[in-house]
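Please brief me on the pockets, ring pairs and salt bridges of the structure below.

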Amino acid sequence: MYSRSGTLILALIFLLCGCQWLPSREKRTQKLVDEELASINWNEVDQFPLFEACDESVSKEEQRQCFERTLLMHFSMTLQDFEFQTEQSLKDTLFIDFLIDNQGTITILEMEENAAIRNENPEFEGIVSRSLKSLPRLQPALKRGIPVATQFRIPLVIRTDE
């Protein structure tokens with residue numbers, strides 16, 4: 001009888017000690033979550049921000065092209081009536097950084113300045129800003145089905161003749 005109870009006590013001790021050596025369910029779950037998060041490329045979206053005219057069922061490349069085409073078309077239509085006034089011929093590229101948040105709202109982060117344009121056309125920056133803010137409603141970009149903020153940089157090529 002002594003050996004049977006000794007074996008039972010010994011088995012109980014191993015059982016209690018063995019639980020400490022095995023990771024808890026929470027730790028295993030956290031490890032799986034951490035591995036999954038590490039495997040995600042956070043620099044790419046699964047779906048680009050989309051204007052109403054863009055089709056969400058096409059490839060990501062076609063979505064990007066539709067987004068860029070619609071953005072540039074709107075931008076050029078807004079700026080086509082603007083008359084640049086410069087004393088000399090101007091050929092420059094300005095970059096505009098903007099954010100589309102997870103609600104589809106656009107915010108200008110930074111716009112490069114050109115002293116000649118700013119001095120002779122002080123209203124230019126306001127026109128560019130209004131142009132971006134007057135874009136048609138956007139659906140935000142998606143990452144794993146969740147709306148996410150995305151940042152973009154577009155070049156604005158400016159050419160004037162004397």
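Buried means under 20% relative accessible area, exposed means over 50%, and partly exposed lies in between (1.4 Å probe, protein chains only). By that scale, phenylalanine 51 and phenylalanine 67 are both buried. This is a predicted model: local features need pLDDT of at least 70, side-chain atom pairs count only at pLDDT 80 or more, and totals for chains, interfaces and linings use all residues. Residues are numbered from 1 along each chain as its sequence is written, and side-chain values use heavy atoms, with hydrogens and water left out.

Helices (H or I, at least four residues) and strands (E, at least two) are DSSP runs, numbered from the N terminus.

**Aromatic pairs**

- The structure holds four aromatic pairs. Rings of Phe, Tyr and Trp (its six-membered ring) pair if their centres lie within 6.5 Å; planes under 30 degrees apart count as stacked, over 60 as edge-to-face and the rest as tilted.
- Phenylalanine 51 and phenylalanine 67 form a stacked pair, because their ring centres are 5.7 Å apart and their planes are at 15 degrees.
- Phenylalanine 51 sits in strand S1 (residues 50-51) and phenylalanine 67 in helix H3, so this pair ties together parts that are 16 residues apart in sequence.
- Phenylalanine 67 also pairs with phenylalanine 152; the centres are 4.8 Å apart and the planes at 40 degrees, so this pair is tilted.
- Phenylalanine 67 and phenylalanine 152 are both buried.
- Ring pairs link Phe48, Phe51, Phe67, Phe98 and Phe152 into a cluster.

**Largest pocket**

- The largest pocket has a volume of about 230 Å³. On a 1 Å grid over the protein atoms alone, a cavity is a set of points where a 1.4 Å probe fits but cannot get out, and a pocket is an open set with protein on both sides within 12 Å along at least five of seven lines; lining residues have an atom within 4 Å of a point. Grid points are joined across faces, edges and corners, and a volume is the space filled by probe spheres set on the points.
- Its lining has 11 residues, and Phe75, Ser76, Leu79, Leu156 and Val157 lie nearest the centre.
- Helix H3 (60-79) and strand S7 (150-160) are the elements that give two or more residues to this lining.
- S7 gives the most, with five residues.
- What is the make-up of the lining of the largest pocket by class? The residues divide into nine nonpolar, one polar and one charged. Ala, Val, Leu, Ile, Met, Phe, Trp, Tyr, Cys and Pro count as nonpolar, Asp, Glu, Lys and Arg as charged, and the others, Gly among them, as polar.

**Second largest pocket**

- The second largest pocket holds about 150 Å³ of space.
- Residues lining the second largest pocket include Phe48, Arg64, Phe67, Glu68 and Phe152.
- H3 and S7 are the elements that give two or more residues to the lining of the second largest pocket.
- H3 gives the most to this lining, with five residues.
- By class, the second largest pocket is lined by seven nonpolar, no polar and three charged residues.

**Salt bridges**

- The whole structure has five salt bridges. A salt bridge is a side-chain nitrogen of Lys or Arg within 4 Å of a carboxyl oxygen of Asp or Glu.
- Glutamate 44 and lysine 60 meet through their side chains in a salt bridge (3.4 Å, N to O).
- Glutamate 44 lies in the loop between helix H2 (25-39) and S1, and lysine 60 in helix H3, so this pair ties together parts that are 16 residues apart in sequence.
- Glutamate 44 is partly exposed at 42% relative accessibility, and lysine 60 is partly exposed at 33%.
- Glutamate 61 and arginine 64 form a salt bridge (2.3 Å, N to O). They are three residues apart in helix H3, so about one helical turn separates them.
- Arginine 64 also forms a salt bridge with glutamate 68 (2.8 Å, N to O). Both lie in helix H3, four residues apart, about one turn of the helix.
- Salt bridges that share partners join Glu61, Arg64 and Glu68 into one network.
- Arginine 64 is partly exposed, at 23% relative accessibility.
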